[in-house]
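User: I am new to this structure and would like to be guided through it by questions and answers. Could we begin once it is in view?

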Amino acid sequence: MIQNIKIAVLGGGGRTGKYLVNELIAKGYSVKLLLRNPENFQIKSPLIEIIHGNAIDFVAVNSLLKNCQAVISTIGQRPGEPLVAEQATKNVLEAMSRNGINRYILLAGINIDTPFDKKGPETINATNWMKSNFPIIQEDRQKSYSLLVNSSINWTLLRVPFIDFTQAKSKMGISLYDCLGNKIDAGSIATFLRLQLEDCTYYNKSPFIYNA
């Protein structure tokens, strides 16, 4: 029963994360959020529980994951702040092990490389631009992917192009090899992330999704 499933969410206070939180509670999931500034969070529901803390703090992440059945992350790198992707992933994987959780779903950009990619020119250009302009952030994100690959959990790394922050859910394309569209609706991201709680199709895979 969905009513008995609690999802730990990192990044739920961000621009994309808010769409995810609304999607989850609309479908009846209980949601446990890790928020740095809970006083600024405006979504209200009896299905929401808030933990005050930061994704790079293991104690906070471990507290977040207690009594949860799965983890979803939409955290991004904030300018001028410590790198978050690799450390957050380390913290989540360790906390999952301690709390007996086996499902981790997370959001990333199209710039992450996997051995299975057959990226076309546009995706390659976007990836190379990120590597040239934000090499440290890019490397941090790539390290996060490596941690997932070397773990024993069921993970899904969702890769997306430019996000259109709208609740719209346009016709969506999905590919394991290349991003064939240049944008994706935030509403579509939220739905896709939520569906991964119920579907094993993309276990240990890194699909691209985009507006078709």
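User: In which strand does Ile-50 lie, and is Ile-50 buried, partly exposed or exposed?
Analyst: The model is a predicted one. In it, Ile-50 belongs to strand 3, which covers residues 48-52. Buried means under 20% relative accessible area and exposed means over 50%. The relative accessible area of Ile-50 is 38%, so this residue is partly exposed.

User: Which residues are in contact with Ile-50, leaving aside its neighbours within four places in sequence?
Analyst: Contact here means heavy atoms within 4.5 Å. Val-92 is 42 residues from Ile-50 along the chain, and their C-alpha atoms are separated by 17 Å. With sequence neighbours within four places set aside, the contacts of Ile-50 are Leu-33, Leu-35, Pro-38 and Phe-41.

User: Which elements do the buried residues of helix 3 pack against?
Analyst: Helix 3 has 15 residues and reaches 21 Å from its first C-alpha to its last, close to the 21 Å expected. Its buried residues include Ala-85, Ala-88, Thr-89 and Val-92. Those buried residues pack against strand 1 (6-10), helix 2 (58-65), strand 4 (70-73), strand 5 and helix 5.

User: Which elements give two or more residues to the lining of the largest cavity?
Analyst: A search of the whole structure finds 2 cavities of 30 Å³ or more, and the largest has a volume of about 50 Å³. Among the residues that line the largest cavity are Ala-85, Tyr-104, Leu-106, Arg-141 and Ser-144. The elements that contribute two or more residues to this lining are helix 3, strand 5 (103-109) and helix 5.

User: Why do the buried residues of helix 4 line one face of the helix?
Analyst: Helix 4 spans residues 121-133 and reaches 18 Å from its first C-alpha to its last. Its buried residues are Thr-123, Thr-127 and Met-130. Seen down the axis of helix 4, these buried residues line one face because they fall within an arc of 60°.

User: Which exposed residues does helix 4 carry on the face turned away from its buried side?
Analyst: On the buried side, the cover includes helix 5 (135-149) and strand 10 (208-211). The face turned away from that side carries the exposed residues Pro-121, Glu-122, Asn-125 and Ser-132.

User: Which side chain is joined to that of Thr-127 by a polar contact of 3.0 Å?
Analyst: Thr-127 lies in helix 4 and, at 3% relative accessibility, counts as buried. Not counting residues up to four places away in sequence, Thr-127 touches Ile-110, Asn-111, Asp-113 and Lys-119. The polar contact of 3.0 Å joins the side chain of Thr-127 to that of Lys-119.

User: What is the relative accessible area of Phe-208?
Analyst: Phe-208 has its place in strand 10. Not counting residues up to four places away in sequence, Phe-208 touches residues including Lys-119, Thr-123, Arg-159 and Tyr-177. Phe-208 is buried, and its relative accessible area is 0%.

User: How many Å separate the C-alpha atoms of Phe-208 and Lys-18?
Analyst: Phe-208 and Lys-18 are 190 residues apart along the chain. The separation of their C-alpha atoms is 21 Å.

Key
Residues numbered from 1 in each chain as written. Predicted model: local features only at pLDDT ≥ 70, side-chain atom pairs only at ≥ 80, totals over all residues. Heavy atoms only, no water. Helix = DSSP H or I, 4+ residues; strand = E, 2+ residues; numbered from the N terminus. Expected span 1.5 Å × (residues − 1). Buried < 20%, exposed > 50% of the residue type's maximum accessible area, 1.4 Å probe, protein only. Arc of directions from axis to C-beta. Polar contact = N/O pair within 3.5 Å; in protein donor to acceptor, adjacent residues only side chain to side chain. 1 Å grid on protein atoms, 1.4 Å probe; cavity = no way out; pocket = protein on both sides within 12 Å on 5 of 7 lines; lining within 4 Å. Points joined across faces, edges and corners; volume = space filled by probe spheres on them.
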